[in-house]
Amino acid sequence: MSRPIRTTALTALTCAGLLVVTACGSDSSAGGSSGGGEADSSAPLFDQLPEDIQQAGQITIGSSIDYPPFESYAEDGTTLQGFEVELATALEEQLGVTFDWQNASFDTLFTALRSGRYDIVYGAVNDTPEREQTFDFVTYLQSSQALVTAAGNPAGIVTEDDLCGLSIAIVRGGVQGDILDAQSTACTAAGNEPVNVLPFDGNSGEQLAVKQGQADAMLENYPTAAVFAPESDGDLEIVPDLQLSPQFFGMVVPKDQTELRDVLQQAWQAIIDDGSYAQVLDGYDLSDIAVEEAGINQAGAN
């Protein structure tokens, strides 16, 4: 697979000293790249990178940059921020190359990865058995899904069975659709109404649907929900004691790029071992989703 050479790159509520990376793309909804420099051949893992990436001096990331606290744009619309951005910066120190961030709708990322537009997909991506049939995953977090409702939980959601007959917002192309499809099947098997799944292009669309009453709730990655719900001025709340489908998050790599996959795993393990990984997650009060070992294709280990 040939790679095009491109020009590079909260507590759960707030993060003092938040690291940011300025994006250079002119259209933040369709693309954007973080500023970078020349490759550092003295970096610990540089020599283990594929030769074309060494020459390019960068790894191109496809990402849907609308998921605080994972990654999002600051108010200027071009500056990248979030804990996965900070983790990527730590990885750059190990690899000696920069990450070139390209923003796109989540449901387009895997097709673009297959076509060679990106080297990897990164950013709140769940590792699933279905996705592992086509791609490899380098796993670095483990978390679950949360249900978010309007203030006061008008629909009275307490358990998964309460979702029967309700309208639930999701991000198009995410694992949440599969989770709700399975629940919908359980609903109809029990003689209840199915779940009405409402897909949106990004997190902001889901939130608006719940706030305006178009959806009874939204299903979202727990770390993301733990940020936007408390920051909603009382408009949204997380359903307590109901987290669904614990899964690993991973960097997504084409199946034929085992050399890149393996060096990325080593880079993740290096920042876990040197403490920089924990430092970033602690700064966002997310130490509970940390892992001790970076893995490969761990969907079956959930």
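Helix H2 (residues 83-95) and helix H9 (residues 276-283) have axes that come within 10 Å and cross at roughly 165°. That angle makes H2 roughly antiparallel to H9, the term being used for angles over 145 degrees, with under 35 counted as roughly parallel, 65 to 115 as roughly perpendicular and the rest as oblique. The model is predicted, so local features need pLDDT of at least 70 and side-chain atom pairs count only at pLDDT 80 or more, while totals for chains, interfaces and linings use all residues. Residues are numbered from 1 along each chain as its sequence is written, and side-chain values use heavy atoms, with hydrogens and water left out.

- Two packed helices are described by the angle between their axes and the distance between the axes.
- Axes here are lines fitted to C-alpha atoms, for helices over the stretch in contact, and angles run from 0 to 180 degrees between N-to-C directions.
- Helices (H or I, at least four residues) and strands (E, at least two) are DSSP runs, numbered from the N terminus.
- On the H2 side, the contact (heavy atoms within 4.5 Å) is made by Phe83, Glu86, Leu87 and Ala90, and on the H9 side by Ser276, Tyr277, Val280 and Leu281.
- The residues of this contact of H2 with H9 comprise 6 nonpolar, 1 polar and 1 charged; Ala, Val, Leu, Ile, Met, Phe, Trp, Tyr, Cys and Pro count as nonpolar, Asp, Glu, Lys and Arg as charged, and the others, Gly among them, as polar.

**Packing of H2 with H8**

- H2 also packs with helix H8 (residues 258-273), at an angle of about 110° and with the axes 9 Å apart.
- This angle makes H2 roughly perpendicular to H8, and the crossing of H2 and H8 is right-handed.
- Leu87, Ala90, Leu91, Gln94 and Leu95 of H2 meet Val263, Leu264, Ala267, Trp268, Ala270 and Ile271 of H8.
- The contact of H2 with H8 has 10 nonpolar residues, 1 polar and no charged.

**Salt bridges**

- Across the whole structure, 5 salt bridges are found, each a side-chain nitrogen of Lys or Arg within 4 Å of a carboxyl oxygen of Asp or Glu.
- Arg172 forms a salt bridge with Asp107, with the closest N and O atoms 4.0 Å apart.
- This pair is 65 residues apart and links distant parts of the chain: Arg172 lies in the loop between strand S8 (167-171) and helix H5 (176-189), and Asp107 in the loop between strand S5 (98-103) and helix H3 (109-115).
- Asp201 forms a salt bridge with Arg172, the closest N and O atoms being 3.1 Å apart.
- Asp201 is in the loop between strand S9 (196-200) and helix H6 (203-211), 29 residues apart from Arg172.
- Arg172 is partly exposed at 32% relative accessibility, as are Asp107 at 35% and Asp201 at 48%; buried means under 20% relative accessible area, exposed over 50% and partly exposed in between (1.4 Å probe, protein chains only).
- Arg261 forms a salt bridge with Asp262, their closest N and O atoms being 2.9 Å apart.
- Salt bridges that share partners join Asp136, Lys255, Arg261 and Asp262 into one network.
- Arg261 is buried at 16%, whereas Asp262 is partly exposed at 30% relative accessibility.

**Gln207 in H6**

- Gln207 is placed in helix H6 and counts as buried at 13% relative accessibility.
- Leaving aside neighbours within four places in sequence, Gln207 is in contact with Met218, Phe228 and Leu236.

Key
Left-handed = near helix turned anticlockwise from the far one by under 90°.
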